[in-house]
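Let's take a walk through this protein together. Have the sequence and the 3D view open as you read.

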Amino acid sequence: MPLDPPTIPTASPAPQVSVVVPVFNEAGAAPDLAREIAGAFAGQTVEILFVDDCSRDDTRERLAALKSEIPTLRLLAHSANSGQSRAVRTGVLAARGDIIVTLDGDGQNDPADAPKLVDALRAGPPDLALVGGERVKRQDNAAKKIASRIGNGVRRRLLRDTANDTGCGLKAFRREAFLRLPYFDHIHRYLPALMLREGYTTLFLPVGHRPRTSGASKYTNLGRLWASASDLAGVMWLQSRARRPGPVIEL
């Protein structure tokens, strides 16, 4: 059995944008978030892919019940919990749009900000591969904000990725560019650096941030710090091994 799902064939027109939302135990937030996403992209040809990372609550059932209400909703499900990055990759592999938008499944990213990231990506030069959100007026506790500020500062200094907030789940990027990147767990926090490594450019725009109204965070500051140390070393190694050929000419 393949590890990753193939693109699901369909007779409907290909969407312009695929919105990918990884969820794990987000039964309280996911249904309203799906409705908000559909409203934010009303009038556009989009598909909304929720990837359930083997939730232990009824997230999957609540989302499945929305499929008649939101015809563009697709629901993919992992058979084993595999983490946020794998859920994002599952969604991207199954997506049919050339542009991918990702949002966190807890509802703290505001879907109303997503179309402006897509518009900026479309309006940019051909080498612009990612437009990321930078959260303003973050609605998190002081400890999380301080840890995030320190982590972002260290990462930006070591990787020189020009990103102030890679922890923001709201991003728009080109599907083809994402699939060129080396995959590893927690890759979603290093997309800007990896895009630059491949010769693409990135852009960042301010976006809103909302308080969590249900569920609980899946990360702790200590757990994130432990993972970040090895991840940073790995991405620095990848950067050191990058050799770009410049423009490729077919003879």
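## A stacked pair of rings

Let's start with F173, which is buried at a relative accessible area of 0%. Here, "buried" means under 20% relative accessible area, "exposed" means over 50%, and "partly exposed" covers what is in between (1.4 Å probe, protein chains only). A quick note on where this comes from: this is a predicted model, in which local features need pLDDT of at least 70, side-chain atom pairs count only at pLDDT 80 or more, and totals for chains, interfaces and linings use all residues. Residues are numbered from 1 along each chain as its sequence is written, and side-chain values use heavy atoms, leaving out hydrogens and water.

How many aromatic pairs does a search of the whole structure find? It finds 2. Rings of Phe, Tyr and Trp (its six-membered ring) pair if their centres lie within 6.5 Å; planes under 30 degrees apart count as stacked, over 60 as edge-to-face and the rest as tilted. F173 and F178 have ring centres 5.2 Å apart and planes at 20°, so this pair is stacked. F178 is buried too, with a relative accessible area of 4%. The pair of F184 and Y190 is tilted, with 6.3 Å centre to centre and 45° between the planes. F184 counts as buried at 18% relative accessibility, and Y190 does at 4%.

## The sheet

Now zoom out: the protein has 8 helices and 7 strands. Helices (H or I, at least four residues) and strands (E, at least two) are DSSP runs, numbered from the N terminus. What is the order of the strands in the open sheet? Follow β3-β2-β1-β4-β6-β5-β7, with mixed pairing. The edges are taken by β3 (73-77) and β7 (201-207); each has a single partner strand, so one side of each is left without a neighbour in the sheet. On average, neighbouring strands are turned by 20° against each other, direction ignored. For angles like this, axes are lines fitted to C-alpha atoms, for helices over the stretch in contact, and angles run from 0 to 180 degrees between N-to-C directions.

Two strands pair if DSSP finds at least two bridges between them. Take β4: 4 bridges join β1 to β4, and these two run parallel, while the 4 bridges from β4 to β6 join strands that run antiparallel. I100 of β4 is the bridge partner of S18, and in β6 the bridge partner of I100 is F173, the buried residue we began with. Over at β5 (residues 128-135), the pairing with β7 is parallel, over 7 bridges, and G133 stands opposite L205 in β7.

Which way do the side chains of β4 point? I99 and V101 point one way, I100 and T102 point the other way, and all are buried. In a regular strand the side chains alternate between the two faces of the sheet.

## Helices on the sheet

Find helix α1 (residues 30-40), which lies across β1 (17-23) and β2 (46-52) and runs at about 165° to β2. Helix α3 (residues 84-94) packs on the sheet as well, touching β1, β2, β3, β4 (99-102) and β6 (171-174), and its direction makes about 150° with that of β1. Contact means heavy atoms within 4.5 Å.

## One buried arginine

R197 sits in helix α7 (residues 191-197). Is R197 buried or exposed? R197 is buried, at a relative accessible area of 17%. A polar atom of the R197 side chain lies 2.7 Å from the backbone oxygen of L238. Leaving aside residues up to four places away in sequence, R197 touches P182, L238, Q239, R241, A242 and R244.

## Loops worth a look

Most residues other than glycine have a negative phi, and most peptide bonds are trans. C54 has a positive phi, near 60°; C54 lies in the loop between β2 and α2 (59-64) and is partly exposed at 24%. T162 also has a positive phi, near 65°. T162 is in the loop between α5 (142-159) and β6, and is exposed at 53%.

P125 is in the loop between α4 (114-123) and β5, and counts as partly exposed at 44% relative accessibility.

## The whole protein

Buried residues make up 47% of the 251 residues. Among contacts between residues at least 6 apart in sequence, 79% join residues at least 24 apart.

Key
Polar contact = N/O pair within 3.5 Å; in protein donor to acceptor, adjacent residues only side chain to side chain.
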